[in-house]
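Subject: Two-chain model for you

Hi,

Here is the structure I promised. Please open it alongside this note and follow the residues as you read.

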Amino acid sequence: MTEIKLTVNGVTRSDEVEPRLLLIHYLRETVGLRAANVGCDTTSCGACTVLLDGDSVKSCTMLAVQASGRSVTTAEGVVEADGSLGVVQTAFRENHGLQCGFCTPGMVMAATSLLAENPHPTEQEVREGLEGNFCRCTGYHNIVRAVLAAADKLSGPSSATEVNA
Amino acid sequence: MIPASFDYEVADSAAHALALLAEHGEDAKLLAGGHSLLPMMKVRLAQPAVLIDIARITELGGIKIEGDEVVIGATTRHAELAGSELLRAEAPILAYAAAQVGDPQIRHRGTIGGSLAHADPSADLPMTLLALGGSVEITGPSGVRVVGADDFFVGPFESALGPDELLTAVRVPRGGAVPWGYQKFVRRANDWAIVGAAAYGGRVALASMGGTPLRATATEEALKSGASIEEAAKLAAEGTSPGYDFHADVEYREHLARVLTRRALEGKAG
């Protein structure tokens, strides 16, 4: 067993884990956070996406020990202080960016990382930025709309939009 | 899918990593981003007894200029390569290729050293290093040696890296003004190349056309003799030995090599 110390959704934790424990299993089973899902389990589908020091990563392809000393954020960690949905989550609901919801926590975290890197993405940049996340309900159009709406809310409409308006 | 049990060691310097490698021998594997190794461990294609984590070694990171070369630390992540202003100015084909690896999540974790050491003949960075005519810096018990890309890839998933050695840095020529092109044919987003072609000056490298990334030597020779791009690209599949799978048979891969080489030589990126 190896001791890890990390921050999960702003809370400092310390746990004894087997080195082979995957980060997704640590989050779901040790910490009890069930938003991130195990989908393909092969680094393809993105349902397990969480943030590591702000960057999107696939937690099925990381060991919990690799996250020691780092900060991990899951979809539970991006809700507002009063418990209401965060900006990206709200945009997904308002734009019908989900059907069954299985991919949604991963989509929200991938979108959160994308918007941190590129606050004013074009539609094409959103589509490419989400290439690591699969939606099997084929709901991509509304997901892209949701991310663009979230970008406007977080950073204001882009200058190009203002010119057109 | 859960990897088999292993012991976990954190190396805090390159020297420490080498000492741990010497101690554990061939039972040990180095772990950086883990995006080639962990998927293999999850399906038990790899079952190392010891994992040595080198991702926390600060001396293995960073991108800098040294004379007429850009030197990139082995644990530099794909996202850092893609976003590096220095690399975009000095070796734009490498920054571009790094942005084509997998997807954003994979690029946040995977490292250039890990990708090259994994030596996947269909991967982006091995093909690009070969096109650039770059080299890797390898540190072992007897010191540092530099191996050129032409000699580094020796077989499918096999490199010149010994079990007691550490890939410490990657060297590529400074060449911001050298014409380049990059082509990768995939059926799905975030997939490996069915065929890839990278052109840098008069050098052309191919992915998925054999057991290692390969130079399109007949094309390169033809260009040197003054052939047009269109004529030279027709020779791109000569000397290659592509495999076949449900994506493409041999003939189709040869066709793709010719078409993608032409587009790469025309300076197209896509």
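Gly267(B) follows helix 12 of chain B and has a positive phi, near 85 degrees. Helices (H or I, at least four residues) and strands (E, at least two) are DSSP runs, numbered from the N terminus. This is a predicted model: local features need pLDDT of at least 70, side-chain atom pairs count only at pLDDT 80 or more, and totals for chains, interfaces and linings use all residues. Residues are numbered from 1 along each chain as its sequence is written, while chains are lettered from A and ligands numbered from 1 in the order in which they are written.

Helix 12 of chain B

Helix 12 covers residues 250–265 of chain B. Its 16 residues should span 22 Å at 1.5 Å a residue, and its end C-alpha atoms are 22 Å apart, so the two agree. The expected span is 1.5 Å times one less than the number of residues. The buried residues of this helix are Arg253(B), Leu256(B), Ala257(B), Arg258(B), Leu260(B), Thr261(B), Arg262(B), Ala264(B) and Leu265(B). Buried means that 20 or more other C-beta atoms lie within 10 Å of a residue's own; exposed means 12 or fewer, partly exposed is in between, and C-beta atoms are placed from the backbone. These buried residues pack against strand 11 (180–185), strand 12 (195–200), strand 13 (203–207), helix 10 (217–224) and helix 11 (229–233) of chain B. Contact here means C-beta atoms, placed from the backbone, within 7 Å.

Domains and the chain contact

Chain B is divided into domain 1 (7–53), domain 2 (58–173) and domain 3 (182–265). Domain bounds come from an automatic or database domain assignment. Taken over C-alpha atoms, the centres of domain 1 and domain 3 of chain B are 34 Å apart.

Where do the chains touch? In the contact, 22 residues of chain B meet 24 residues of chain A. On the chain B side, strand 1 (7–10), helix 2 (37–42), strand 3 (50–53) and helix 6 (104–109) each give two or more residues. Helix 6 of chain B gives the most, with five residues. By class, the chain B side has twelve nonpolar, six polar and four charged residues. Nonpolar covers Ala, Val, Leu, Ile, Met, Phe, Trp, Tyr, Cys and Pro; charged covers Asp, Glu, Lys and Arg; the others, Gly among them, are polar.

Chain A

The assignment for chain A gives domain 1 (2–77) and domain 2 (87–155). Their centres, taken over C-alpha atoms, are separated by 21 Å. The contact takes 15 residues from domain 1 of chain A and 13 residues from domain 2 of chain A. On the domain 1 side, strand 3 (49–52) and strand 4 (55–58) of chain A give two or more residues. Strand 3 of chain A has the largest share, three residues. The domain 1 side has eight nonpolar, six polar and one charged residues.

Helix 5 (residues 140–155) of chain A has 16 residues and reaches 22 Å from its first C-alpha to its last, close to the 22 Å expected. Its buried residues, including Ile143(A), Val144(A) and Leu148(A), pack against helix 2 (87–94), helix 3 (104–117) and helix 4 (123–129) of chain A. Gly156(A), just after this helix, takes a positive phi of about 80 degrees.

Strands in chain B

Three strands of chain B form an open sheet in the order 1-3-2, with parallel pairing. Strands pair if DSSP finds at least two bridges between them. Strand 1 and strand 2 (28–31) of chain B stand at the edges with a single partner strand each, so one side of each has no neighbour in the sheet. Four bridges join strand 2 to strand 3 of chain B. Leu30(B) stands opposite Ile52(B) in strand 3.

Strand 4 (residues 63–66) and strand 5 (residues 69–73) of chain B run antiparallel, joined by four bridges. They form a hairpin with two residues between them, and Gly67(B) in the turn has a positive phi of about 60 degrees. Strand 5 also pairs antiparallel with strand 10 (residues 166–173) of chain B, over five bridges.

Phe157(B) is not a glycine, yet its positive phi is about 60 degrees. With 16 C-beta neighbours inside 10 Å, Phe157(B) counts as partly exposed. Asn190(B), also not a glycine, has a positive phi of about 55 degrees. Asn190(B) counts as buried, with 20 C-beta neighbours inside 10 Å.

Best wishes

Key. Contact = placed C-beta atoms within 7 Å.
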